Amino acid sequence: MSCSEAYCHNAQIVVVKANVASQYATAEACKTLKFAVEVGSAGKDMAVENGFDYVEVESQAAALMEVQAGTSDAAIIDSLMAAAMVGEGTDYATLAYTVSLNSEFYGVGFRKGSDLTAKLNEFFAQCKADGSMERIAGKYGVQASLIK
């Protein structure tokens with residue numbers, strides 16, 4: 001596989017009810033929680049790595065619903081998804097994210113030997129230079145995750 005240059009930061013983060021978020025600022029503090037994680041996801045990997053008690057659900061959105069409903073104490077989801085779906089002005093206004101469990105980068109993969117990798121890198125450079133990447137990221141509330 002040939003990968004583009006990384007364009008965005010991501011992480012697997014813990015989401016809990018906002019009124020208890022300050023109690024769970026570290027992975028160690030989260031060890032008492034029951035988590036909902038997406039089947040086969042990086043979130044599940046972080047639950048296993050940290051020794052968390054978890055149940056698997058079909059999607060990250062379902063994991064958030066489990067926390068909202070009180071059937072799970074917390075969820076582990078992508079930080080980019082949490083930025084768009086959790087907090088004031090969202091369907092999950094009573095939820096908040098706390099600790100990052102890892103650090104990841106987003107890029108785009110192409111078949112090895114494809115010229116598309118170089119073309120996408122050029123496109124990304126152009127979008128960064130003209131500000132369109134920042135504008136588009138801002139539309140979705142993820143501008144802070146862009147790699148400058």
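Predicted model: local features only at pLDDT ≥ 70, side-chain atom pairs only at ≥ 80, totals over all residues.
**Exercise 1. The sheet**

In what order do the five strands of the open sheet run?

*Solution.* Residues are numbered from 1 along each chain as its sequence is written, and side-chain values use heavy atoms, with hydrogens and water left out.

Step 1: read off the order, which is E5-E4-E6-E3-E7, with mixed pairing. Strands here are DSSP runs of E, at least two residues long, and helices are runs of H or I, at least four, both numbered from the N terminus. Two strands pair if DSSP finds at least two bridges between them.

Step 2: find the edges. Strand E5 (53–57) and strand E7 (95–100) each pair on one side only.

Step 3: pick a pair. E4 (residues 34–38) runs parallel to E5, with five bridges between them, and Val-37 sits opposite Glu-56 in E5.

**Exercise 2. Two helices**

Which residues of H1 are buried, and what do the buried residues of H1 pack against? Then do H2.

*Solution.* Step 1: in H1, look for Gly-43, Met-46, Ala-47 and Asn-50, which are buried (under 20% relative accessible area; exposed is over 50%, partly exposed in between, with a 1.4 Å probe and protein chains only). They cover an arc of only 100 degrees around the axis, so they are on the same side of H1; the arc is that of the directions from the helix axis to the C-beta atoms.

Step 1: see what they touch. The buried residues of H1 pack against E3, E4, E5 and E6, contact meaning heavy atoms within 4.5 Å.

Step 2: look at the ends of H1. Ser-41 caps the N-terminal end, with a side-chain oxygen 3.2 Å from the backbone nitrogen of Gly-43. Just after H1, Gly-51 has a positive phi of about 70 degrees.

Step 3: repeat for H2, where Gln-60, Ala-62, Ala-63, Leu-64 and Val-67 are buried. Their cover includes E3, E4, E5, E6, helix H3 (79–85) and E7.

**Exercise 3. Aromatic rings**

How many aromatic pairs does the structure hold? Describe two of them.

*Solution.* Step 1: count four. Rings of Phe, Tyr and Trp (its six-membered ring) pair if their centres lie within 6.5 Å; planes under 30 degrees apart are stacked, over 60 edge-to-face, and the rest tilted.

Step 1: take Phe-35 and Phe-52, a stacked pair at 4.4 Å centre to centre with 15 degrees between the planes. Phe-35 is in strand E4 and Phe-52 in the loop between helix H1 (42–50) and E5, 17 residues apart. Phe-35 is buried at 0% relative accessible area, and Phe-52 is buried at 5%.

Step 2: compare Phe-123 and Phe-124, a tilted pair at 6.5 Å and 40 degrees. Phe-123 is partly exposed at 44%, while Phe-124 is buried at 13%.

Key: Polar contact = N/O pair within 3.5 Å; in protein donor to acceptor, adjacent residues only side chain to side chain.
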